[in-house]
Amino acid sequence: MKNITDSFLCLGYWPSAGSFGFNTDILATNPINLSVVLGVLVFFGKGVLSDLLDNRKQRILRTIRNSEELREGAIEQLEKARARLRKVETEADRFRVNGYSEIEREKLNLINSIYTTLEQLENYKNETINFEQQRAINQVRQRVLQQALRGALGTLNSCLNNELHLRTISANIGMFGAMKEKNN
């Protein structure tokens, strides 16, 4: 048992009690560091992303509510216009002999303007909703892409060891030398 302990002490895995030093074993320290960094990112990043999404949701809901209020106002205008239309129709019955064609034109113009206003309000509501949805989707995509890139860099850095690093450098130097010879 003493020989096994001595061999671990010689390899640097088990530092002796009371001494201070750096642990140069990448395989032992990187998972700890990565777990701490990932834990901090998840702990703090989840709240930020959640707040951003909640804010975006509230803005979209507010926009939808505003659009609904505009729609309700347009419906009220339509009801008023219908009441006015009924009034105009009553007047048309009384003045049918003298001004029937002019009253009909006014009626059609009134209906067309109300429908045009309703279409414009509906289009505005739909455009606003689509714009806010696209904006929210784009922000979420950017956040997800940033997190994916961070994860990929973390994975790449954790997988890269000295031997692989030296092979990559040698291969790049070889390709650079081949390109230089090709250009000459």
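Residues are numbered from 1 along each chain as its sequence is written, and side-chain values use heavy atoms, without hydrogens or water. In this predicted model, local features need pLDDT of at least 70 and side-chain atom pairs pLDDT 80 or more, while totals for chains, interfaces and linings use all residues.

**Exercise 1. State the secondary structure pattern and the buried share of the protein chain.**

Step 1. Count the elements: the chain has 4 helices and 0 strands. Helices (H or I, at least four residues) and strands (E, at least two) are DSSP runs, numbered from the N terminus.

Step 2. Read along the sequence: the pattern is α-α-α-α.

Step 3. Take the burial: 11% of the 184 residues are buried. Buried means under 20% relative accessible area, exposed over 50%, and partly exposed in between (1.4 Å probe, protein chains only).

**Exercise 2. Describe the largest cavity and its lining.**

Step 1. On a 1 Å grid over the protein atoms alone, a cavity is a set of points where a 1.4 Å probe fits but cannot get out; a pocket is an open set with protein on both sides within 12 Å along at least five of seven lines; lining residues have an atom within 4 Å of a point.

Step 2. Count and size: there is 1 cavity of 30 Å³ or more. The largest cavity holds about 50 Å³. A volume is the space filled by probe spheres set on grid points, which are joined across faces, edges and corners.

Step 3. List the lining: L49, L52, L53, R56, A136, Q139, V140 and R143. Helix 2 and helix 3 (96–159) are the elements that give two or more of these residues.

Step 4. Sort by class: 5 nonpolar, 1 polar and 2 charged. Ala, Val, Leu, Ile, Met, Phe, Trp, Tyr, Cys and Pro count as nonpolar, Asp, Glu, Lys and Arg as charged, and the others, Gly among them, as polar.

**Exercise 3. Which helix gives the most to the lining of the largest pocket?**

Step 1. The largest pocket has a volume of about 320 Å³.

Step 2. Its lining has 13 residues; L41, V42, G45, Q147 and R150 lie nearest the centre.

Step 3. Helix 2 and helix 3 each supply at least two lining residues. Helix 2 gives the most, with 8.

Step 4. The classes are 6 nonpolar, 4 polar and 3 charged.

**Exercise 4. Locate V36 and the nonpolar surface patch it belongs to.**

Step 1. V36 sits in helix 2 (residues 26–94).

Step 2. I32, V36, V40, F43 and F44 form the patch, with about 540 Å² of accessible area together. Patch residues have over 30% relative accessible area and no salt bridge; like charges are joined within 9 Å, nonpolar side chains (Val, Leu, Ile, Met, Phe, Trp, Tyr) within 5 Å. Accessible areas come from the Shrake-Rupley method with a 1.4 Å probe; for residues, only the protein chains shown count as cover.

Definitions and conventions:
A salt bridge is a side-chain nitrogen of Lys or Arg within 4 Å of a carboxyl oxygen of Asp or Glu.
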